[in-house]
Amino acid sequence: MLYGMLHAVLCFVLWLSTTLQGLWRSVRELYMLPLAFSGLSVRQIQQRARRWQKIPAHICLAVTDGPVTYEPLARLVMWCMASGVKHITIWDNQGLCKGSSSLLRQYLQKAHVAYFGSSCASHPLVFDEAILAASQKRPCASTTPEEEGCKGADVQSGTGTRIHFCDDDEGRPAIVKAVQEAARLQRNVDVAWLDAKLTATVPELDLVLMFSREPVLHGLLPWHMRVAEILFCGPHRHVTARTFIRAMNSFSRCEQRFGR
Amino acid sequence: MDSWLRKMVGAAVKTGPVPQHVAFIMDGNRRWARRAKTETVAGHSMGFSTLKKTLEWCLDLGVHMVTVYAFSSENFKRSEKEVGDLMKLAEEKFIQLLNEEEMIHRLGVCVRVLGDVKRLPPSLQQAIGKAVDISKDNTRAILNVCFVYTAREEMAMAAHEITQAVQEGELYESDITEHLVEQCLYTNASPPPSLIIRSSGEVRLSDFLLWQGAYVHLAFSPVLWPDFSFWDLVKCFLQYQQSHNAITTALRRRAEHLSTQQLDLDTAAVVHNSKDGSLPPAQVRRLVEQRQEGRARRVQAFLSTLHDRRNSFFHSLAAKAQANKNTRAQE
């Protein structure tokens with residue numbers, strides 16, 4: 001009983017210290033307060049990106065906090081694109097994003113046009129071929145001629161930001177499948193072979209923005225996570241430009257030593 | 001006063017769920033040494049003292065399994081002097097441990113070394129072999145030391161063992177499942193950790209327990225490892241307790257999903273293998289059960305061989321160490 005009460009007090013102290021730390025952080029970053037209430041234009045992001053020492057080549061937006069809302073995700077993707085990120089993986093543990101990728105694709109295409117306007121052809125949005133092939137099999141709502149124009153440029157150019165939709169299947173099950181294939185082919189397995197198999201379509205991650213209620217990875221791409229910076233960002237529905245800028249600032253400052 | 005307060009807080013923490021297995025990434029020794037304006041090796045030595053204290057705190061808090069990331073295969077890229085100093089320090093500590101054999105058995109401590117030990121200097125290999133061999137039957141407290149380890153190498157090693165076994169006919173291709181891969185990892189003798197703690201404020205796993213870390217509470221502590229205190233540990237435990245329910249639910253759902261998926265695969269295979277594809281449901285069920293029993297037998301036999309092979313590797317190192325000792329004594 002006494003220890004139970006002490007436990008409750010300890011939990012309260014932990015909660016209080018976390019809240020105060022959050023508040024202190026907000027005070028220190030007072031200059032970022034407007035970002036918590038407003039969005040960021042492509043131009044604003046590009047101006048900030050010049051100050052970052054490094055930019056992640058591959059960002060994963062991982063959602064584990066319930067049903068996925070596409071609008072905040074589309075916003076995040078546009079901010080990543082404007083920063084110059086080359087690969088963006090959208091992952092959720094229930095496979096909702098991958099399952100309804102054609103709908104999410106439409107959201108992204110609309111946001112692409114809204115954010116980049118006439119310059120969308122010079123910042124192409126390229127979807128994973130596997131996703132495109134899968135979505136062509138499903139009926140999907142028609143897109144505007146402007147969106148079609150952007151999409152056409154993406155596929156033809158083959159450059160720009162590539163979007164991958166992943167779920168649990170690309171995690172442990174992908175490793176198991178690779179081992180099954182090696183057994184079938186009767187070949188020796190080493191790190192290089194497994195790496196070539198597993199990162200053929202989705203490259204290694206540099207930064208993970210984890211939208212979850214608790215700091216747990218929920219099976220997120222174990223092979224790809226090797227040296228990724230992991231930032232837990234709270235619920236994805238409430239994501240603001242401040243969250244994104246904090247994450248990019250933090251990545252820019254971090255020192256990756258790769259064992260050295 | 002301090003120890004009395006610790007006991008009270010420890011007892012309070014134990015009223016909530018306590019992780020069965022905790023893993024540590026002991027980062028920040030070199031930064032600590034730089035800050036203290038001392039040699040790098042002094043930072044590593046201080047880090048070892050913190051490890052010793054942390055293990056005691058873990059035992060006090062009811063944790064009986066600990067895994068520590070002592071040396072990554074990538075650390076060979078560091079300067080020759082630092083790698084040499086680390087090897088010397090490790091050998092010294094393993095020898096110290098061997099000198100306290102009586103205490104190891106009294107406390108029931110089992111030391112396991114996970115990683116590609118063959119890449120270490122022979123004298124360190126032998127000290128490791130002896131420590132692992134003498135403590136292998138203890139079960140009260142388990143310490144896994146990851147030495148010359150990366151999670152990718154661990155997964156590739158498991159994949160290699162499995163594909164070899166399939167080639168030799170010990171396993172079938174259809175026996176390769178998540179459960180089998182997990183059972184072939186170095187950590188197979190312990191359940192996966194529930195909490196991974198990384199010190200020094202870095203927020204990445206750095207190729208540590210990538211497979212096992214899938215459903216684990218990650219606690220990133222801002223303090224450098226030599227400064228890691230009992231209170232930092234308590235804070236991580238309290239944070240873990242807040243995630244405990246979510247982790248348990250996620251693990252249960254995952255197990256259910258895998259079991260259903262395997263059943264579907266086995267049923268499909270049974271139906272596919274039948275000549276006319278129209279077996280009565282009762283017969284399908286029976287054949288599926290037979291298939292699963294056969295798999296369980298093969299996997300069990302394979303894992304037991306793998307376990308024996310790993311044990312005999314450490315036993316042969318211990319025997320070499322003993323032979324060297326005898327030779328030196330005769331001289």
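Mentor: Let us begin with B:S206, which is placed in the loop between strand 5 (195-198) and strand 6 of chain B, where helices (H or I, at least four residues) and strands (E, at least two) are DSSP runs numbered from the N terminus. The phi angle of B:S206 is near 50°, a positive value in a residue other than glycine. Before going on, please keep in mind that this is a predicted model, in which local features need pLDDT of at least 70 and side-chain atom pairs count only at pLDDT 80 or more, while totals for chains, interfaces and linings use all residues. Residues are numbered from 1 along each chain as its sequence is written, chains are lettered from A and ligands numbered from 1 in the order in which they are written, and side-chain values use heavy atoms, with hydrogens and water left out.

A positive phi is also found at B:V148, near 55°, and this residue belongs to strand 4 (residues 141-149) of chain B. With a relative accessibility of 0%, B:V148 counts as buried, a word that stands for under 20% relative accessible area, with exposed meaning over 50% and partly exposed in between (1.4 Å probe, protein chains only). The backbone oxygen of B:V148 lies 3.5 Å from a polar atom of the side chain of B:S73. B:S73 sits in the loop between strand 2 (65-72) and helix 4 (80-99) of chain B, and it too counts as buried, at 7% relative accessibility. Leaving aside residues up to four places away in sequence, B:S73 touches B:R119, B:V148, B:Y149, B:T150 and B:E153, where contact means heavy atoms within 4.5 Å.

Stepping back to the whole of chain B, there are ten helices and six strands, and buried residues make up 51% of its 331 residues. Among its contacts between residues at least 6 apart in sequence, 78% join residues at least 24 apart.

Turning now to the partner chain, the contact takes 58 residues from chain B and 52 residues from chain A. The area buried between them is about 4,700 Å², with carbon and sulfur atoms giving 61%; buried area is the accessible area (1.4 Å probe) that two parts lose on being put together, summed over both. On the chain B side, B:R152, B:E173 and B:R204 lose the most area to chain A, together 16% of what that side buries.

Between the two chains there are seven salt bridges, each being a side-chain nitrogen of Lys or Arg within 4 Å of a carboxyl oxygen of Asp or Glu. One of them joins B:R152 to A:D195, whose closest N and O atoms are 3.2 Å apart. The elements that give two or more residues to the side of chain B that touches chain A include helix 1 (2-13), helix 7 (151-167) and helix 9 (230-273) of chain B. The largest share of that side, eleven residues, comes from helix 7 of chain B.

Finally, a search of the whole structure finds zero disulfides over all chains, a disulfide being a pair of cysteine sulfur atoms within 2.5 Å. The sulfur of A:C80, for example, is 10 Å from the closest cysteine sulfur, in A:C60, which is too far for a bond, and A:C80 is buried, with a relative accessible area of 0%.

Definitions and conventions: A polar contact is a pair of N or O atoms within 3.5 Å; within protein, one must be able to donate a hydrogen and the other to accept it, and residues adjacent in sequence count only if both atoms are side-chain atoms.
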